[in-house]
Amino acid sequence: MPSWLRYIDRRTLHRRTGVRPDQLKQEDFARYAPVARAFAESHLALLQRLPLSICPSFLQQIEQLDSSFPAERATLQRMCDFLLQLAQDRLTALTEPFREIHLSSQLEKKDWVQAPAEFIAELTAELWSSGQIDRFRAASVALFAAVPAPEELPDRLTLVVLGQDATAPASTVLRKVGRRGVTLTALRAEELSSQIFAAFRRHAEASSEPYAHWYVDGGDPWKDSYRTIAGTVAVSYPELDPVRIQTLSRMEQIVSSGNAGAEEMRARMTAMNAQELGTYTVTADPVLRRFYTELFTQSSGPQIFSTTFVQWTGRELVRRAQPRTLLLRYAPRQRYQPFNEMLREPEPSSLDPEGSLRDAEMAAYYTWIEMNRITAPGKGSYVVWLENTSRAVIIGNGAPGGTESSNPMNLEQALKQFC
Amino acid sequence: MEFSAAKSPGSIARTRREFLCDALGVLTFASARQSFALSRAASMLQPSAKTIVVTFGGGARDDETFAEDGQQNIPHLLQELLPQGTFFTQVVNKGILGHYVATASIVTGTYERFDNFIAQPPPNPTLFEYFRKGLRRPVNDAWVIAPSNGFQRIGCSSNSAFGPEWGAGVILPKRLLSAALPGRKGKDVDLLHLLQDNYEMPVYQPEESEEGRELHLAMLESTLKVSVQEFVEHARTLNSADELSIYIAQQLMHQHAPSLLMLTLHDMDIAHAGAFSLYVDAIQRADRLCAELWRIVQSDPEYKDRTTIYILPDFGRDSDGDPAGNGFQHHRTGGALARTTWMLALGPEIRQGRVVERAIESVDLVPTIGCRLGFATSTGGRCIGELV
């Protein structure tokens, strides 16, 4: 083999441009990793029936299956199996709106089989500029709504801890989530962290599936041994500093290069990989390696604010890992200063506990919304505790919204009574 | 890509109406239209009529402004300004939800389709060109004060029938301050927070060329009549870039009394960093600055009782319930809430305390100003009947 050939990206050897989905062949997936390849091959008949405006979105998810969470694999499998067995006329009806989307010839010539993410980025821009985004959105909503929800959904427990070092009066916070549940005002603050650990362990012990239980901390984590619970992943903002700092460093290089437009920055960040950012120094697990990398490369904010990191991690976990047990603990983020300063100084010069509390309150509300999307009615328990106080909100099947309970109780009793 | 069911515009309007009625106790006039004839309006408003357009170039949601939870953030808009003006509960933006291209669409009255992230003149004529050419107004009579990310080209279009000859002067406060701080940024750390240029991603604008810097400094002294030293000293007293924009607006009004002025408040776009508290702080600041601008107008004889102000966000932000987005953080879903916002108009000949529920579009503003001031426009929008 000539030496220059070694420098050609492996995928260019398989490049076929201007392919239509109905022309897809098994060989097109030769570059894919084993699980992805097998999945694509076994669903080739479905992929061939999808219009070009939607087929790459499926391929993007398939391409990453080898480093996806089990829940992601199961979700994709369920969706594709459902569409595959759907009667031809029904599938045609669902996909017809995508067929009506006009794509430029330039886009049609892209190698969307080997680089679906790049195709989707350009497709998105084209949908906006051509005024077709609303039609595409409506078509997508209809397609995904047609896929039935899984029959069995597990019980899920969500625990959120916020307000560290904040001095805002307890009575003025947690209003947004408080409307959805019972505000507890007589908890024993000094015992709550161990009660949370006990509740987490109790719930997590019901299932030892990998990646089913998560503890995410925005600061120095609690000392309780969450990692010893089977199927539990514990991660904190400081632990991921090597990845975060490397990401910030790369961002600053891009800025310094003078080509720092938002679009360019986003494209170059998305292209960063775990190898480049040294994520292997944090974990040897390829699934976690990809997850931790993307927390910083496919987001806006976690690189500089620990509160955004915790919220975004929770959001991504719900969408991807679909945790059965989730503990999110917020710590004070750095005080706002110009972004260029925050890029250059990965260590915060001062903290903003009051602003962080307000960030976390909204974030806690978002976590509740996200968890509701993957939880069957009556199967979710949600607690948010204002750290170091006797105040928390509990939302569950038996928790009447907008009410308050001043009865002394521990967390276990509260979960039994209200969830 | 992930998507969710969209909220209907009708339900958005109903929600807003309920909130406003509860909050204000004002009557709504769903179909009321003032019957001012164009010619009458034009004759009454010329030649001394002044127009100020304020956009929130950060995208602001109902949830943090006129909806129940948001009203605490906008006491000035709600209690001082709204009772003096006409409030439109549904202003729909059907175009691209990027700040530069959306603002360009507002000022051309046509949904522009160019790349939001590339600074370029809009292809369609701008409000400033229609105004200056139509009414034969001098060069200093139309100004834009804008954030720097792309907006430097918003003053005039590339349309061959108009163009720079009829455009507005554009002042970029952050570039101005940056130019005034050559080699001093290390010493003036306390001013760096005023230079933040783009919140879409955590990046900042690269250094400007020496030529660009000199142009900005010349503008400072010749247009605003402020020395570099005075400018820097004043900037030191401010908390944000939006406050700097209001200061510059005041200087422009004092020096040139332009008849047409547009400014974009941009601080709230910090939402892209995901910090809710910073986003809300910026909305509260914008609320205060709108009231301050109104007070400046009413205390200046050149402007008092002859100025119409239009305040509108360029669009909303993603809704909390849309799984394709992340709530307030971005405006990427194209959902109904991200596309729908509001507008407040106040000034002479504008009916006070009126709430209009019917949907209008953000591209309707330019033809409306044309109708009121008596110059022709050729846009995709329509005159807003309640304002002419």
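Select B:Asp115. It is partly exposed, because 17 other C-beta atoms lie within 10 Å; the label covers counts between buried (20 or more) and exposed (12 or fewer), with C-beta atoms placed from the backbone. This is a predicted model: local features need pLDDT of at least 70, side-chain atom pairs count only at pLDDT 80 or more, and totals for chains, interfaces and linings use all residues. Residues are numbered from 1 along each chain as its sequence is written, while chains are lettered from A and ligands numbered from 1 in the order in which they are written.

Helices are DSSP runs (H or I, at least four residues), numbered from the N terminus.

Next, colour chain A by domain. Select domain 1 (3-145), then domain 2 (156-238 + 305-339 + 346-418). These bounds come from an automatic or database domain assignment. Their centres, taken over C-alpha atoms, are 37 Å apart. Four residues of domain 1 are in contact with six of domain 2; contact means C-beta atoms, placed from the backbone, within 7 Å.

Finally, select A:Val384, A:Ile394, B:Tyr279 and B:Leu344. They have the most contacts inside the largest nonpolar core, which has 219 residues. Such a core joins buried Ala, Val, Leu, Ile, Met, Phe, Trp, Tyr and Cys residues through C-beta atoms within 7 Å. Helix 10 (residues 276-299) of chain B gives the largest share, twelve residues. Both domains of chain A contribute residues, so the core lies between them.

Terms used:
Helix = DSSP H or I, 4+ residues; strand = E, 2+ residues; numbered from the N terminus. Contact = placed C-beta atoms within 7 Å.
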